[in-house]
Amino acid sequence: MPFKHKNIEYGLPHEQYPQEEINRCIDIWKEVLLLQSEPVAITLLFTKEDYEAYPAKETTVSMPYCVMVKQAAVKEKGIKSRQPHHRCDGATTALALDPSTEKIESGHEYFSYKLYSSNAAARRMREQVKSLHRMPVKTYGVAVVPLKDCSRTPDVVIVMTNAWQSMRIVQGYEYHMGKKPVIDMGAMQGMCSELTVSPYLTGELNISVLCPSTRMLCRWSENDMGAGLPYELFQTVTSGIVATKPNYE
């Protein structure tokens with residue numbers, strides 16, 4: 001990392017979070033894509049100080065991470081949470097709220113779901129699931145709030161979609177980027193890994209068909225999908241979505 005010294009400054013001061021501009025973008029997504037729920041802002045908080053300073057109420061009940069996201073998207077309820085508030089070890093390892101275990105990393109846990117033909121297949125699958133527990137830093141807490149209520153720069157934006165909306169978001173991404181997004185999709189840990197950790201780590205848009213767990217826990221419809229993108233791309237993709245709006249007249 002760069003050498004720190006009181007007489008050296010790098011770059012420009014960080015701009016203030018552009019809440020009005022982000023809310024304008026949200027309105028565009030709702031109008032152009034006909035969204036039925038709110039985009040959700042995800043912020044990982046790595047210290048107790050950052051967690052306590054984050055302007056959201058701490059949840060008073062425990063629930064799976066994907067349920068937290070649905071509450072923010074559908075009920076417009078924003079919360080922050082720590083490890084004791086989570087009821088799914090898939091999410092707690094993915095978000096680095098918890099370390100993993102030998103049972104999980106060996107594939108035994110995945111194999112027990114009866115979704116893979118052998119323990120070896122389950123282990124290969126597990127190794128491909130993006131998870132922050134493999135990083136050297138532990139997460140203290142996570143904030144899940146409607147993006148329209150966010151007052152500081154989040155890490156990831158999650159949008160619940162259908163197939164047509166997902167197509168339009170991909171078009172919006174490609175309009176400026178000029179490349180296909182590298183989709184990380186395995187129908188396993190759809191909300192916590194595919195829609196949160198994958199865009200967080202790669203800096204790329206990701207699309208997920210979700211997974212059996214979140215479909216059961218959140219009662220998503222058979223048509224529901226999700227898009228996750230790093231916050232830094234939200235305004236760019238908004239511009240692309242507008243530019244690629246189809247005219248069927």
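This is a predicted model: local features need pLDDT of at least 70, side-chain atom pairs count only at pLDDT 80 or more; totals for chains, interfaces and linings use all residues.
Helices (H or I, at least four residues) and strands (E, at least two) are DSSP runs numbered from the N terminus. With neighbours within four places in sequence left aside, Val237 is in contact (heavy atoms within 4.5 Å) with Trp29, Ile169, Gly172, Tyr173 and Leu229.

Residues are numbered from 1 along each chain as its sequence is written. Local features need pLDDT of at least 70 and side-chain atom pairs count only at pLDDT 80 or more, whereas totals for chains, interfaces and linings use all residues, and side-chain values use heavy atoms, with hydrogens and water left out.

Helix H8 (residues 163-177) packs against helix H11 (residues 234-243) at an angle of about 105°, with the axes 7 Å apart; axes are lines fitted to C-alpha atoms, for helices over the stretch in contact, and angles run from 0 to 180 degrees between N-to-C directions. The two helices, H8 and H11, are therefore roughly perpendicular to each other, the term covering angles of 65 to 115 degrees. On the H8 side, Arg168, Ile169, Gly172, Tyr173, Tyr175 and His176 meet Thr236, Val237, Ser239, Gly240, Ile241 and Ala243 of H11.

An open sheet is formed by 6 strands in the order S2-S3-S1-S4-S6-S5, with antiparallel pairing, two strands being paired if DSSP finds at least two bridges between them. Strand S2 (79-82) and strand S5 (206-208) stand at the edges with a single partner strand each, so one side of each is left without a neighbour in the sheet. S1 and S4, which run antiparallel, are joined by 3 bridges, and the bridge partner of Val40 in S4 is Ile158.

Leu34 lies in the loop between helix H1 (19-33) and strand S1 (40-45) and is exposed, with a relative accessible area of 52%, exposed meaning over 50%. Residues up to four places away in sequence not being counted, Leu34 touches Trp29 and Gln165.

Conventions:
Angles under 35 degrees count as roughly parallel, over 145 as roughly antiparallel, 65 to 115 as roughly perpendicular and the rest as oblique. Buried means under 20% relative accessible area, exposed over 50%, partly exposed in between (1.4 Å probe, protein chains only).
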